Each structure stands twice: as structure tokens, then as C-alpha cells.
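This briefing goes through one protein model, from its overall make-up down to single residues. Please look over the sequence and the structure before reading the points below.

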Amino acid sequence: RIRANVQSLPAPPNGSTLTVSIGAALYPMDGDAAEALFHAADERLYAAKHAGRNRVIVPATGALQVLGS
């Protein structure tokens, strides 16, 4: 919902569009310490950008799930 809400915001005056890429991590699946969770979320953020931006990558059962665009 966050990604869709950002995308639906009015365009800036220069005509570009707003997008957001998000990488999510889950406790304890991705780690039990803050550093491990931040690392997992950060890697997924860069994967979302690499996949074409304006995406959300979250852990799913046994694999990553890509949402968006």
C-alpha cells in the first residue's frame, strides 16, 4: 500500500513521477539481531531497485516475493 500511495501522489512541477522501492525483513526469519535484519532489508532494497524500481521485495515462504509495477 505504501508503494501504491506514493505512486498516486501528485507529480512534482517538473513532470517527473514519484516512486518508492522497499526491501523488507522479518524477525526472526531473517535474523534475531538488528544488524542482521537491517542487512537483509538493505539487500532486498537494492534488489528492488535492480528489478526496475518502484517495487517491494519481501520474504515469502521459501523464496522472495516481488510486488509492484
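Of the 69 residues of the protein, 23% count as buried, where buried means under 20% relative accessible area, exposed over 50% and partly exposed in between (1.4 Å probe, protein chains only). This is a predicted model, in which local features need pLDDT of at least 70 and side-chain atom pairs count only at pLDDT 80 or more, while totals for chains, interfaces and linings use all residues. Residues are numbered from 1 along each chain as its sequence is written, and side-chain values use heavy atoms, with hydrogens and water left out.

**Overall make-up**

- The secondary structure comes to 2 helices and 3 strands; helices (H or I, at least four residues) and strands (E, at least two) are DSSP runs, numbered from the N terminus.
- Along the sequence these elements follow the pattern α-β-α-β-β.
- Among contacts with a separation of 6 or more, 38% are between residues 24 or more positions apart, a contact being heavy atoms within 4.5 Å.

**Strands β1 and β2**

- β1 and β2 run parallel and are joined by 2 bridges; two strands pair if DSSP finds at least two bridges between them.
- Within this pairing, Ile22 stands opposite Val56 in β2.
- Strand β2 (residues 55-60) is largely enclosed by the rest of the structure, because 5 of its 6 residues are buried.
- Ala60 has its place in strand β2, and its relative accessible area of 25% makes Ala60 partly exposed.
- Ala60 and Leu26 are 34 residues apart along the chain, and their C-alpha atoms are separated by 9.8 Å.

**Ala48 in helix α2**

- Ala48 belongs to helix α2, which spans residues 34-50.
- Ala48 counts as buried because its relative accessibility is 0%.
- Leaving aside neighbours within four places in sequence, the contacts of Ala48 are Ser21, Ile22, Arg53, Arg55 and Ile57.

**Ser21 and Asn54**

- Ser21 lies in the loop between α1 (2-7) and β1 (22-23), and Asn54 lies in the loop between α2 and β2.
- Ser21 counts as buried at 16% relative accessibility, and Asn54 counts as buried at 6%.
- The side chain of Ser21 reaches the backbone nitrogen of Asn54 at 3.1 Å. This is a polar contact, that is, a pair of N or O atoms within 3.5 Å; within protein, one must be able to donate a hydrogen and the other to accept it, and residues adjacent in sequence count only if both atoms are side-chain atoms.
- A polar atom of the Asn54 side chain lies 3.4 Å from the backbone nitrogen of Val20.
- Neighbours within four places in sequence aside, Ser21 is in contact with Leu45, Ala48, Lys49, Arg53, Asn54 and Arg55.

**Salt bridge**

- A search of the whole structure finds 1 salt bridge, defined as a side-chain nitrogen of Lys or Arg within 4 Å of a carboxyl oxygen of Asp or Glu.
- The partners are Arg44 and Asp30, with the closest N and O atoms 2.8 Å apart.
- Arg44 in helix α2 and Asp30 in the loop between β1 and α2 are 14 residues apart, and the pair links distant parts of the chain.
- Arg44 counts as buried at 11% relative accessibility, and Asp30 counts as buried at 18%.

**Backbone geometry**

- Most residues other than glycine have a negative phi, and most peptide bonds are trans.
- Arg53, in the loop between α2 and β2, has a positive phi of about 65° although it is not a glycine.
- Asn54, also a residue other than glycine, has a positive phi near 55°.
- The peptide bond from Tyr27 to Pro28 is cis, with omega near 0°, and Pro28 lies in the loop between β1 and α2.
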